[in-house]
Amino acid sequence: MKQKPDLSFMKLWNISFGFFGVQIAYALQSANISRIFATLGADPHQLSYFWILPPLMGIIVQPIIGTLSDKTWCRFGRRIPYLFIGAAIAVLVMCLLPNSGSFGMAVSTAMVFGLCALMFLDTSINMAMQPFKMLVGDMVNEKQKALAYSIQSFLCNAGSLVGYVFPFLFTMLGISNLAPKGVVPDTVIYSFYIGAAILILCVIYTTVKVKEMPPAEYAEYHGLKKNLDEEKVNVVKLLKDAPKAFWTVGLVQFFCWAAFMYMWTYTNGTIAETCWQTTDPSTSGYQAAGNWVGVLFAVQAIGSVIWAVVLPMIPDRKIAYFISLVIGAIGFCAVPFINNQYVLFVPYLLIGCAWAAMLAMPFAIVTNALEGYGHMGVYLGLFNGTICIPQIVAAAIGGTILSAVGSYQYNMMIVAGVALLMGAICVFFVKDKTLANM
């Protein structure tokens, strides 16, 4: 198998730069979906059900995109056409979703409209997001993959930081953070508009700057007997033949992503109740809490960027993974006991440590384990199931668990902490190919 050449830092940067814009869109979705649907009139016990759609679309879309892009080749490349189409659809839907309550529809109709918009938004974000992971797997050699995914992690967190703070910044600029009952405030609407513009500009940059390998060259560098566009794909066989790391890392992912699903779903209600002493979405306190959630998620992104610098300094990658998740679990468990909005920076910095490890470690371990297997796009699409399935399960049982913990949304942060701790324990079942070869 011919070895892929080293790439310059700028080439590695260009491969992932569009991820910055995609992550702004994803951050706006994760920080504001519960706020939007609560504003439209959703009951707290129903909030987690709205979160089923995003991972459900991910588990459907990403394997399809992986399979199709493995077999695609045109003048624009293999992965990039899907990236561009996904981004274009996302831009359109980002202009519609926050306006769900602004078209004079009844509450139930507005929520259905919002659900349909959310479904298309997450479909398009997943369609745009997955090609970036595939591009690294396709074009970057094993030695540089850790650096490439670190760059992707940095751009991911930088995009998150920008997306999270938009509503807070717009409020500071004097844009109204209040609206009639059932209508989403202008701060959120304008955030989605600006995020959509940045998304398409970033994706255009990557589309122009990155040139993918033609099929024959790809086969040569990946040790394939024939081009991927000439091979038939048997998903069941691929899963059966998947390396052990694919499944053991997937077990860790199950608990980690369930934990973060509860953070995204219940942080708004938690902070509104513990710091602003309100559970009523029509109050200024609840909407102020919604803005502050964006700030806290931005703090989490900063913590993730800082911890991403520390992670490579820990020689044993599994120990680094374990420590990161334990620190994040401590952060989750601390949230319900803090009623000062500024002191909350501390637990969200800790949660950022777990997020940094979740972004970098799984794909570095799995793509290394998959070297020589072929069908990288299909495998990474299937591996995305370890992100989507836990979110679907967590969302489906979220209302039941909320009732079991007294219907206090802040108790769901403790549930998230316990889930993350279980994920940390499962790290010791992972076999890391890189460490095994040392």
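Buried means under 20% relative accessible area, exposed means over 50%, and partly exposed lies in between, with a 1.4 Å probe and protein chains only. The model is predicted, so local features need pLDDT of at least 70 and side-chain atom pairs count only at pLDDT 80 or more, while totals for chains, interfaces and linings use all residues. Residues are numbered from 1 along each chain as its sequence is written, and side-chain values use heavy atoms, with hydrogens and water left out.

**Exercise 1.** Decide whether Phe170 is buried or exposed.

Solution. The relative accessible area of Phe170 is 13%, and therefore Phe170 is buried. Phe166 is likewise counted as buried because its relative accessibility is 10%.

**Exercise 2.** Classify the ring pair of Phe260 and Trp355.

Solution. Rings of Phe, Tyr and Trp (its six-membered ring) pair if their centres lie within 6.5 Å, and planes under 30 degrees apart count as stacked, over 60 as edge-to-face and the rest as tilted. For Phe260 and Trp355 the centres are 5.1 Å apart and the planes stand at 35°, so this pair is tilted. Both residues, Phe260 and Trp355, are buried.

**Exercise 3.** Find which aromatic residues are linked into a cluster by ring pairs.

Solution. The cluster that ring pairs make consists of Tyr26, Trp51, Trp257, Phe260, Trp264, Phe332 and Trp355.

**Exercise 4.** Determine how Ile60 counts at 41% relative accessibility.

Solution. Ile60 has a relative accessibility of 41%, and so this residue counts as partly exposed.
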